[in-house]
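Morning, everyone. Let's get the model up on the screen, and then I'll walk you through it.

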Amino acid sequence: MNVLLDNIDLYARGFLGTIELFVVSAIGSLILGALLAAMRVSPVPILRAFGTVYVNILRNTPLTLVIFFFAFAYPRLEIADLSYFTRACIGLILYTAAFVCEVIRSGVNTVPVGQAEASRALGFTFTQTLSQVVLPQAVRNVVPPLANIQIALLKNTTIAAGFSVTEAGGIYQALSERGANVFVGLLWVAVGFLILVVPLTLLQRNLDRRWSTAR
Amino acid sequence: MTDTPMIRMAAVDKHFGELHVLKDINLEVERGQVVVVLGPSGSGKSTLCRTINRLEPVDSGTIEVDGRALPAEGKALAGLRADVGMVFQSFNLFAHKTVVENVMLAPLKVRRQDKAAAEKNAVRLLERVGIANQKDKYPAQLSGGQQQRVAIARALAMDPKVMLFDEPTSALDPEMVQEVLDVMTGLAKDGMTMLVVTHEMGFARRAAHRVVFMADGEIVEDSTPDDFFTNPSSDRAKDFLGKILTH
Ligand SMILES: Nc1ncnc2c1ncn2[C@@H]1O[C@H](COP(=O)(O)OP(=O)(O)OP(=O)(O)O)[C@@H](O)[C@H]1O
Ligand SMILES: [Mg+2]
């Protein structure tokens, strides 16, 4: 308990960093993932190809490598000077969006093709067909696995922390510099993560039950 | 201008891989005309119907609706589809919308009508197809015949220039076929231009101005219902009618 209380400033800053990183990356990955999914089902072959290649590359690259790239390789490219926080977000977003894309796409595929055909036949554009007809029906199949992906994202923020100390997973480095008991300190980090993940898991279970009983 | 046909297909060819589904199709449908397309299963009737609003693109040839060639995929094509009503064998009502919302959705989103006007028109059309009392139910709560009548109302809500029907009664229990055919006969009487793929010979005799008979991707006969049923000229049509009538 002492390790926690003596270093509460570290913990507070760390977990605040985690939450910030998570919220920004979660929102970003949902938006980018939805765009990628739209590409993958679009009638334009180039967009479809881009979506497919993107997803296959990012899904098969270890996250550590993605973050490593943004932590060390990106600054050397001297494109634009971004803070570490921004670079971590970009890495997490690019990576997580590939999974979001696949979940949305398979949800879309559960909607009978006749729904999209009827919609096109009425004069809806591709975007309207997606937003008015297909996505609203895909939602119930998409929300539970999306919640899973976001839980994984929350845990993945620790990987971003491996390269910096502004986040909960980075607390132990600072602790050891202060000479505190690193082992106990890490236990508290784990407890902190549980506290963050459990509500998400409960929410996800709840949604799962709600959607599976609806109509 | 009034003598341009509503639908014109010239030298249209289409393959599905190796399969030659449409072979040099030439077909014109005049304004106000009701054309019934008959033919054995797999002869390409659905495909023909679906090329007219480009749900299926063709390999070569020309398709014009109301004098305008079909545009490529995009906004212009959506605009053209808005003017071409389509009724499917499997209804395809939007499962997440109520009956009245199904009918209103395209007028609201595609035609940008205001909500009150769209709703008023939707209710009027639902009355016309005899189903206004079900307007707040979801499609899954209706019988097949009722769903198909809603689908017709949904297409009519766009005030289409022409209506395409692809076997609108084939998925229905026998006792519900008539209620849908009655709605279609009413439309035909009101002067709607219609292309109807169906196996309902009674409807073809009663409501059609022309019968087009397809076999193996080709238009084999194109005549009046009287001529076609009493005096078919091709062997394939004779064979087809023989099978249907002995059923
Ligand atoms: N999307 C597709 N891909 C490949 N082949 C197809 C496709 N759609 C139809 N076909 C084939 O094309 C041929 C014509 O099909 P079509 O559905 O136009 O026939 P149809 O006359 O409507 O038959 P039915 O009376 O059974 O509805 C059939 O052999 C069918 O198997
Ligand atoms: Mg068919």
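I'll take the ligand site, then the chain interface, then the salt bridges.

First, the ground rules. This is a predicted model, where local features need pLDDT of at least 70, side-chain atom pairs count only at pLDDT 80 or more, and totals for chains, interfaces and linings use all residues. Residues are numbered from 1 along each chain as its sequence is written, chains are lettered from A and ligands numbered from 1 in the order in which they are written, and side-chain values use heavy atoms, with hydrogens and water left out.

Ligand 1, then. The residues around it include Phe16(B), Leu19(B), Val21(B), Lys45(B), Thr47(B) and Glu167(B). Near means a heavy atom within 4 Å. By class, the shell has 4 nonpolar, 6 polar and 2 charged residues. In that scheme, Ala, Val, Leu, Ile, Met, Phe, Trp, Tyr, Cys and Pro are nonpolar, Asp, Glu, Lys and Arg are charged, and the others, Gly among them, are polar.

Which elements of chain B each supply at least two residues of the shell? Strand E2 (19-29) and helix H1 (45-51). H1(B) gives the largest share, 3 residues. Helices (H or I, at least four residues) and strands (E, at least two) are DSSP runs, numbered from the N terminus.

Now the distances. An oxygen atom of ligand 1 sits 2.5 Å from a side-chain N or O atom of Thr47(B). For Gly44(B), a backbone N or O atom is 3.0 Å from a ligand oxygen. For the side chain of Glu167(B), the N or O distance to a ligand oxygen is 3.1 Å. On its own, ligand 1 has 640 Å² of accessible area, and the protein covers 59% of that. Those areas are Shrake-Rupley, with a 1.4 Å probe.

Next, the interface. Chain B puts 26 residues into the contact, and chain A puts in 18. Contact means heavy atoms within 4.5 Å. Together the chains bury about 1900 Å², 60% of it on carbon and sulfur atoms. Buried area is the accessible area (1.4 Å probe) that two parts lose on being put together, summed over both.

How many salt bridges cross between chain B and chain A? The rule finds 1. Arg50(B) pairs with Glu117(A), at 2.6 Å, N to O. The cut-off is a side-chain nitrogen of Lys or Arg within 4 Å of a carboxyl oxygen of Asp or Glu.

Last, the whole structure. The search finds 19 salt bridges over all chains. One of them joins Lys161(B) and Asp66(B), 2.8 Å from N to O. These two residues are 95 apart and link distant parts of the chain.

That's the tour.

Note on methods
Polar contact = N/O pair within 3.5 Å; in protein donor to acceptor, adjacent residues only side chain to side chain.
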